[in-house]
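Reader: I am new to this one, and I would like to walk through it with you. Could we take it one question at a time?

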Protein chains: 2
Amino acid sequence: MNKEINDFHINNILKEMSDKDYQGYLLADFSNIKYISNYMPTSFAFCVLKENPVIYASKMDMEIANKTSTIEVKEFESFSEMIAELKGEIKNLAIEPSLEYSTYEKFSDDFKIASEIFINKQRAIKTSDEIAKIDKATEIAQKAFVDLDILSLRESKSFENTSAYELGGLMREYGGEGESFDTILVSGSATSLPHAVPKPKAIDDIILVDWGAKYDGYCSDNTRTMVYSEKQQEIFDIVKESHDNAIKAIKPGIKCCEIDKVARDIISEYGYGDKYIHSTGHSLGLDIHETPSFSTKDETIIEKGMVITVEPGIYLEGDFGVRLEDTVAIDNKARILGNLPAIIE
Amino acid sequence: MNKEINDFHINNILKEMSDKDYQGYLLADFSNIKYISNYMPTSFAFCVLKENPVIYASKMDMEIANKTSTIEVKEFESFSEMIAELKGEIKNLAIEPSLEYSTYEKFSDDFKIASEIFINKQRAIKTSDEIAKIDKATEIAQKAFVDLDILSLRESKSFENTSAYELGGLMREYGGEGESFDTILVSGSATSLPHAVPKPKAIDDIILVDWGAKYDGYCSDNTRTMVYSEKQQEIFDIVKESHDNAIKAIKPGIKCCEIDKVARDIISEYGYGDKYIHSTGHSLGLDIHETPSFSTKDETIIEKGMVITVEPGIYLEGDFGVRLEDTVAIDNKARILGNLPAIIE
């Protein structure tokens, strides 16, 4: 099953490579290697996609690589040995854009190199199997959030950081492998920082929780904000209108930036355009941040199979911030993953 | 205080840059940026070290960057604007080796670029303030390990993954910010994988725990193995002999690879050389893996102020693995951080 899906992914990429006359594609990103081989490196590893793809794994990873990889694994000895082996077959070598410069340098004398997004493009379109895993991760994360009962934790003056940790424990209890990113569970004025860190302090009024689970390697992502004052409620309503309309606007064939515009225009109309300080959403899958994004500049055409977050927010420095985030799977329209209400009571 | 230390680091690097005729040094690694500015990015950021250093932060990070950075912060608008601003002052641009190729590409038309390890070299020599933080992280991690009481968890048939999570909870309770890496708490044959993942299964005979805490941004790292059979004890004794002798051999002025040789030679003498499948140690600090390493190839001269792990191991595939790891701070000789015995009873 794994091998079938991996081979499907590999064949798609090989076709694109052949169209552009590349004989090899060098990958070092762990998620990229997992995506096409099922082996998730725990130490450095290099994969070369080619007619007969091969992974050069570190000695300490050979046992796990041999057990899990659906493609050939060799032990990495040195760059010079690797280059000597590849030089016969490869003249034009594609590399992933995230490859470290120092790795690129090792290969730049012996190959004609250019960076290509073949694999990111492929990873953007999820198979039904991948979407099922993201669905499951979402289900686990949302069940954990409901059972955490954040409102009662505020009443009992629980700390932000211990509550965030408790949420992680529940996600594991419900079958998750762990967090898909460090949980943001913050309150009071810290909510105006989009990526705030939970502190050892009692949960205050206005609570923002941004969290996700990992299930079988795949991520979920949600944010809920619990508001307490009239002003907070007013801001929440604007963010919700932005969130709802952006999701309604999603369909295959239009550009990602058009969705960002829908979300941003609503917030701007209410006069908070300069307080909306990030993009409207990012794709997710094996990684929590993948491409394409619902950003002002991303002109990628939306396609069926994409899984992207929608997360408008308004951030009032020194006062508070509100964000509402759901992840959607796109078919003819956007399907919101999970069933957690936007308003937590 | 922070500003003083950051300025000290910056001035050292500026001197090296000037010696090699660089007018700028481009950094994107979060820990590198934190190291010289005290600001830890939560989204992308670029720092250019130069006469008047500057950080280009993402819009969503402007509040936290302005609050924490000891050097000037600007909002990142685009690479073209950034390049236009820098072009007047900089002709030769150094970049960190880990910079993504796609970022390098943005700058390669307008600057003469080469990768340099200035900052990694500087980060290898810890100030007393940094060592105090690593000491504290170690103290927290070891106290949590003792109080976890892994031996009784085995008796009560606790799961590996929930026990690992409990250890993380204790490290937070004792003042740690969290794990310095995903805790490895595994048992039985999984111990033969150096980077095994804890599973929802009862803790079995032979238990390996590799864990660390973070304190004020700084990492700790330790491994203990609890053995049960005669064969396991025999392997443990070899690993301990290797560990103890390697630590005794550490002193300023000799090469890092000489320490790896001391550790590896002992294991080889007992006939397990091919079962020692990783390096003897790595530096740590803001990151869990820093340079230099006690590896077969690292010819870096050991200096006072380095903080490096010593962690020989023997891995018998399908059977079990043993690793013993301590972190040492190097002055005239190696001082083992913390006071946790090698043998846990």
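Author: Gladly, and let us start with a definition: a disulfide is a covalent bond between the sulfur atoms of two cysteines. Please keep in mind that this is a predicted model.

Reader: How many disulfides does a search of the whole structure find over all chains?

Author: A pair of cysteine sulfur atoms has to lie within 2.5 Å to be counted as a disulfide. With the whole structure searched, the number over all chains is zero.

Reader: Which cysteine sulfur is nearest to that of Cys256(A), and how far away is it?

Author: Cys256(A) takes part in no disulfide. The cut-off for such a pair is 2.5 Å. The nearest cysteine sulfur belongs to Cys257(A), at a distance of 7.5 Å.

Reader: Is Cys256(A) buried or exposed?

Author: A residue counts as buried under 20% relative accessible area. Cys256(A) has a relative accessibility of 0%, so Cys256(A) is buried.

Reader: Let us turn to chain B. In what order do the three strands of its open sheet come?

Author: The pairing in this sheet is antiparallel. From one strand to the next, the twist averages 5 degrees. The order in chain B is β8-β9-β12.

Reader: Which strands of that sheet in chain B stand at the edges?

Author: An edge strand here has a single partner, so one of its sides is left without a neighbour in the sheet. In chain B that describes β8 (184-187) and β12 (222-226).

Reader: How many bridges join β8(B) to β9 of chain B?

Author: The two strands run antiparallel, with β9 covering residues 207-211. Ser187(B) stands opposite Ile207(B) in β9(B). The number of bridges joining β8(B) to β9 is four.

Reader: Which helix of chain B lies across β8 and β9?

Author: This helix spans residues 160-173 and runs at about 150 degrees to β8(B). Its name is α9.

Reader: Back in chain A, which backbone oxygen does the side chain of Ser180(A) reach?

Author: Ser180(A) sits in the loop between β7 (178-179) and β8 (184-187) of chain A. Its relative accessible area is 10%, so Ser180(A) is buried. Among the residues Ser180(A) touches are Gly212(A), Lys214(A) and Ile288(A). At 2.8 Å, its side chain reaches the backbone oxygen of Ser220(A).

Reader: What does UniProt list for residues 10-112 of chain A?

Author: Over these residues the chain is 40% helix and 21% strand, with the end C-alpha atoms 22 Å apart. The unreviewed UniProt entry lists this stretch as "domain: Creatinase N-terminal".

Note on methods
Residues are numbered from 1 along each chain as its sequence is written. Chains are lettered from A and ligands numbered from 1 in the order in which they are written. This is a predicted model: local features need pLDDT of at least 70, side-chain atom pairs count only at pLDDT 80 or more; totals for chains, interfaces and linings use all residues. Side-chain values use heavy atoms; hydrogens and water are left out. UniProt positions are given in the numbering used here, feature names are shortened, and annotations may be inferred rather than shown by experiment. Buried means under 20% relative accessible area, exposed over 50%, partly exposed in between (1.4 Å probe, protein chains only). Two strands pair if DSSP finds at least two bridges between them. Axes are lines fitted to C-alpha atoms, for helices over the stretch in contact, and angles run from 0 to 180 degrees between N-to-C directions. Contact means heavy atoms within 4.5 Å. A polar contact is a pair of N or O atoms within 3.5 Å; within protein, one must be able to donate a hydrogen and the other to accept it, and residues adjacent in sequence count only if both atoms are side-chain atoms. Lists of a residue's contacts leave out its neighbours within four places in sequence.
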